[in-house]
Amino acid sequence: MSRTTELTPRVDPPMAADEAAMLTSWLDYHRSTLALKCEGLTDDQLRLRSVPPSTLSLLGLVRHMAEVERHWFQGVLLGEEFATGHYWTEADPDGDFDHVDTADVAADFATWRAEIEAARRAVAGLPLDTVGKRARQDQEVTLRWILVHMIEEYARHNGHADLLRELVDGSTGE
């Protein structure tokens, strides 16, 4: 079952573009990379854990990135406050990774896609120097910093996704 059909196909970022286009293109590239790592797998394969005691799985990564998208774009950039996440609570901060065994895979992918679209709407037309605030740390961060951080976050987790996909079915590559 393909889970990338509702995402933009992966497109290589431009070799020459303005800074905003370059950063958003790289972020979209990495979002699509995670989707491709999950493409064609069954729900059970997406739930497969790496190695004990880790709770890392491809589905957990998708759920985690939904939370990360929401935090940085809705919470920090737009200033929205959330009592809990989609998958975590204060009492269960790793719920995004820990509770995949009975998770609704289609709903979780829909949540991730919705958070990506909300993030795209949040940044549309904003200058890179737009400031958001990390409330707990009382720190200001620019949209530029958020985009660079999100590229780093996806790139790191896409490395995990490479290993998980190889574990699931032996697939390697981009």
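Reply:
**Starting from one side chain**

Beyond its neighbours within four places in sequence, Met150 is in contact with Leu27, Met65, Val68, Glu69, Trp72 and Phe73; contact means heavy atoms within 4.5 Å. Before going on, please note that this is a predicted model, in which local features need pLDDT of at least 70 and side-chain atom pairs count only at pLDDT 80 or more, while totals for chains, interfaces and linings use all residues. Residues are numbered from 1 along each chain as its sequence is written, and side-chain values use heavy atoms, leaving out hydrogens and water.

The largest nonpolar core has 41 residues, and Leu34, Phe73, Trp112 and Met150 touch the most other members. Such a core is a set of buried Ala, Val, Leu, Ile, Met, Phe, Trp, Tyr and Cys residues joined through side-chain atoms within 4.5 Å. Two or more residues of this core come from each of helix H1 (19–38), H3, helix H5 (105–123) and H6. H3 is the main contributor to this core, with 11 residues. Helices (H or I, at least four residues) and strands (E, at least two) are DSSP runs, numbered from the N terminus.

H3 turns up again at the largest pocket, where it gives the most to the lining, with eight residues. A pocket is found on a 1 Å grid over the protein atoms alone, as an open set of points where a 1.4 Å probe fits, with protein on both sides within 12 Å along at least five of seven lines; its lining residues have an atom within 4 Å of a point. Helix H3 (58–77), helix H4 (95–98), strand S1 (131–134) and helix H6 (143–169) each supply at least two lining residues. The lining has 29 residues, and His71, Val76, Phe82, Trp88 and Arg136 lie nearest the centre of the pocket. Its volume is about 890 Å³, where grid points are joined across faces, edges and corners and the volume is the space filled by probe spheres set on them. By class, the lining has nine nonpolar, nine polar and 11 charged residues; Ala, Val, Leu, Ile, Met, Phe, Trp, Tyr, Cys and Pro count as nonpolar, Asp, Glu, Lys and Arg as charged, and the others, Gly among them, as polar.

Next, a residue of H4. Asp96 is in helix H4, and it is classed as buried because its relative accessible area is 5% (buried is under 20%, exposed over 50%, partly exposed in between, with a 1.4 Å probe and protein chains only). Leaving aside neighbours within four places in sequence, Asp96 is in contact with Gly60, Arg63, His64, Glu67 and Tyr87. With His64, the side chain of Asp96 forms a polar contact of 2.9 Å, meaning a pair of N or O atoms within 3.5 Å; within protein, one must be able to donate a hydrogen and the other to accept it, and residues adjacent in sequence count only if both atoms are side-chain atoms.

H6 holds Arg165, which is buried because its relative accessible area is 11%. Not counting residues up to four places away in sequence, Arg165 touches Leu36, Lys37, Cys38, Glu39, Leu41, Leu58, Gly170 and Ser171.

Finally, look at the loop between helix H2 (43–47) and H3, where Ser50 sits. Ser50 counts as partly exposed because its relative accessibility is 22%. The side chains of Ser50 and Ser54 are joined by a polar contact of 3.3 Å. Pro53 is also found in the loop between H2 and H3, and the peptide bond from Pro52 to Pro53 is cis, with omega near 5°. Most peptide bonds are trans.
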